[in-house]
Amino acid sequence: MAELLLELLSEEIPARMQTRAADDLKRLICDGLKGAGIGFETARAFVTPRRLALVVDGIPAVRDDVSEEKRGPRVGAPDQAIQGFLKGAGLASLDQAEKRDTGKGEFWFAVITKKGGPTADALGAVIDGALKALPWPKSMKWGSGTLQWVRPLQSIVALFDGQVLKGEISPGGAMASIVFGATTRGHRFLSTGTFEVSNFADYKEKLRAAHVILDAAERKAIILDGARKLCSNVQVTLNEDEGLLEEVAGLTEWPVPMLGAIDAQFMDVPPEVLIVSMKVHLRFFTTSGADGKLANRFVVVANNVARDGGKTIVAGNERVLRGRLADAKFFWDQDRKSTLESRVPGLKQIVFHAKLGTQAERVERIVRLAGEIARSIPGADAAAVEQAARLCKADLVTGMVGEFPELQGVMGRYYALGEKLPASVADALGDHYAPAGPNDRCPTAPVSIAVALADKLDALTSFWSIGEKPTGSRDPFALRRAALGVIRIVVENKLRLPLRPFLKADDLLSFFAERLKVQMREKGVRHDVVDAVVSLGGEDDLVRLLARVEALQTFLGTEAGKNLLTAYGRAANIVRAEEKKDKGLAAKIAGAPDAALLEQAEEKSVASALDEVGRKVKPALAAEDFAGAMAAFAGLRGPIDALFDKVTVNVTDRPEIRLNRLKLLNQIRATMDSVADFSKIEG
């Protein structure tokens, strides 16, 4: 068994694309190997800022002949379909294909035999195909070439069993091909020249000697351990951030953590401003003091080994941070000279959307909507809701938000607190964009809830009204996120807020139902149970809907629930089968069976049990006692089983009795479907 080593060396690959690219390279190469009939044992992919690497172990040196069958069109199909089949299978005529009867008619089959031989002969094409098929979110061409890749490719290491594979990649145009080889480079600054490698172990070892750590997990561990030690030395705590760690590991081949300090003059600026400046703009890790507040130290990770111990690098980064924070402090001081109220007219100058007017017009809608919503929120002060809704976008015309758009809402809260506005109003300004994602906090204060819901519902209904609805691949206005935000706010705060009056369009309500199903699936709720409840339709109270889902899932988990589901399936299957034969049957069997036509004791027992269930279920549903409603069904299973054991439904010689018995079965179905659509439940 042999090893395949592949390295694609290029200019710097954006950190956000690296992990996906490594996974895609592994997938494409593995698929290519399987397609060529080449087996393997394991495959591992690696990525650094400049290189994608893959090692595949356990590949046979010689591959066997491979036979593959391809099914074509039906015999006698149009010529166009026949020609497409022949071309796809690589056949010259139908004489080379076989006719086979599949039981569903005669079809053409092609048996394609791929000759075996030395594995190395097939690997070049596999690499070429994978490299050209690698999907990048953004790609480029360079020089006069036509090849599209994330950044210009510089060299390709392609070794099989220690030998360089024959092959090359052509960038196109007048550019020279990149020939497969065994030569690579080390760190851009800490290494010079090129070196040859002979296998993966040799490759990894020589890269390390050339200041490149191939494994991203090892780079992350070095960053985290080093940063923790630096922080411990000065009695601060590292604010660990997995996303930032992943990104920094993708920016460095030889990470070296260093500790810097924030100039004391900036420490009175809101911590969110400092954090955004350091984390988002400069990729610094922040730290906290013993009191939990932001400390005046930060960790920067260099991709270099400094001769002076890092003093110059740290000083340079501190200087860059000072410049950015000086701007922030200027805006902070200037913004506080005007009130939020005085900034509201400025919203008339900001266009929200060409078809939806300005931010000022949007605020008017939010004020109106928040007022309506507040009536359904216990404890929501109407005056505070109105004030918060009117001011919620005022910070968009501040200098700070103009420089740091990430701080929308956050700065509004700080400025409101500075003006001594009520705390509930200030908090609502800071909360009204939340939750911004599944891991973000959810507003809980009444005023905040009203404004946050109004903001999201206005976005949904406004964009819906102009036809800007999300599609499978596009959601430019983040309407899915807005809907999920509404769902979280309503459900987590247990708000009894019917949504239909606010959503207006039926398809928007369906959009919410789909988002709810996705969210429930992620929480482990069975999708078919959610479907069974949602399919009832007409429910726009999410709290009530989820209570019904929870009760149904619990009921189905019991022995009584499972048994009753089986009985429901038997009754529904018989009715459905008969309905298929007689299109007018559904109308004939609607309603309760005729008691005078119930002959056998088992029929009467089921009819009696259904009456009893009906008497219990209706008040239970009215009282939203869904568990009680489900429990009422438990007594049905015995009579239904006896009915199927003793009673023949389709008595062919007595049509009135047959119809009445089908009515009885239909009533079983209808009674159970009054709680949920049991036909949607699997199992």
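Q: Before we start, when do two strands count as paired?
A: Two strands pair if DSSP finds at least two bridges between them. Keep in mind that this model is predicted.

Q: OK. How many bridges join strand 5 and strand 7, and in which sense do they pair?
A: Strand 5 and strand 7 (residues 106–114) pair over 7 bridges. The sense is antiparallel.

Q: Which residue is the bridge partner of Arg71 in strand 7?
A: Phe109 is the partner of Arg71 there.

Q: What holds paired strands together in general?
A: Strands of a sheet pair through backbone hydrogen bonds.

Q: New topic. Where is the cis peptide bond?
A: It joins Ala434 and Pro435, with omega about -5°. Pro435 sits in the loop between helix 14 (423–431) and helix 15 (446–465).

Q: Why point that out?
A: Because most peptide bonds are trans. Most residues other than glycine also have a negative phi.

Q: So what is the phi of His211?
A: About 60°, which is positive, although His211 is not a glycine. His211 is in the loop between helix 4 (200–209) and helix 5 (216–233).

Q: What about Lys494?
A: Lys494 has a positive phi too, near 50°. Its loop runs between helix 16 (479–492) and helix 17 (500–503).

Q: Is Lys494 buried or exposed?
A: Exposed, because its relative accessible area is 64% and the cut-off for exposed is over 50%. His211 has 24% relative accessibility, so it counts as partly exposed.

Q: How many cavities of 30 Å³ or more turn up?
A: The whole structure has 1. The largest cavity holds about 60 Å³ of space.

Q: Which elements give two or more residues to its lining?
A: Helix 1 (15–35), helix 5 and helix 6 (242–249). The lining includes Ala15, Arg219 and Glu246. It divides into 4 nonpolar, 3 polar and 3 charged residues.

Q: Last one. What does UniProt place at residues 565–674?
A: An unreviewed UniProt entry places "domain: DALR anticodon binding" there. Over those residues the chain is 73% helix and 0% strand. The end C-alpha atoms are 14 Å apart.

Notes
Residues are numbered from 1 along each chain as its sequence is written. This is a predicted model: local features need pLDDT of at least 70, side-chain atom pairs count only at pLDDT 80 or more; totals for chains, interfaces and linings use all residues. Side-chain values use heavy atoms; hydrogens and water are left out. UniProt positions are given in the numbering used here, feature names are shortened, and annotations may be inferred rather than shown by experiment. Helices (H or I, at least four residues) and strands (E, at least two) are DSSP runs, numbered from the N terminus. Buried means under 20% relative accessible area, exposed over 50%, partly exposed in between (1.4 Å probe, protein chains only). On a 1 Å grid over the protein atoms alone, a cavity is a set of points where a 1.4 Å probe fits but cannot get out, and a pocket is an open set with protein on both sides within 12 Å along at least five of seven lines; lining residues have an atom within 4 Å of a point. Grid points are joined across faces, edges and corners, and a volume is the space filled by probe spheres set on the points. Ala, Val, Leu, Ile, Met, Phe, Trp, Tyr, Cys and Pro count as nonpolar, Asp, Glu, Lys and Arg as charged, and the others, Gly among them, as polar.
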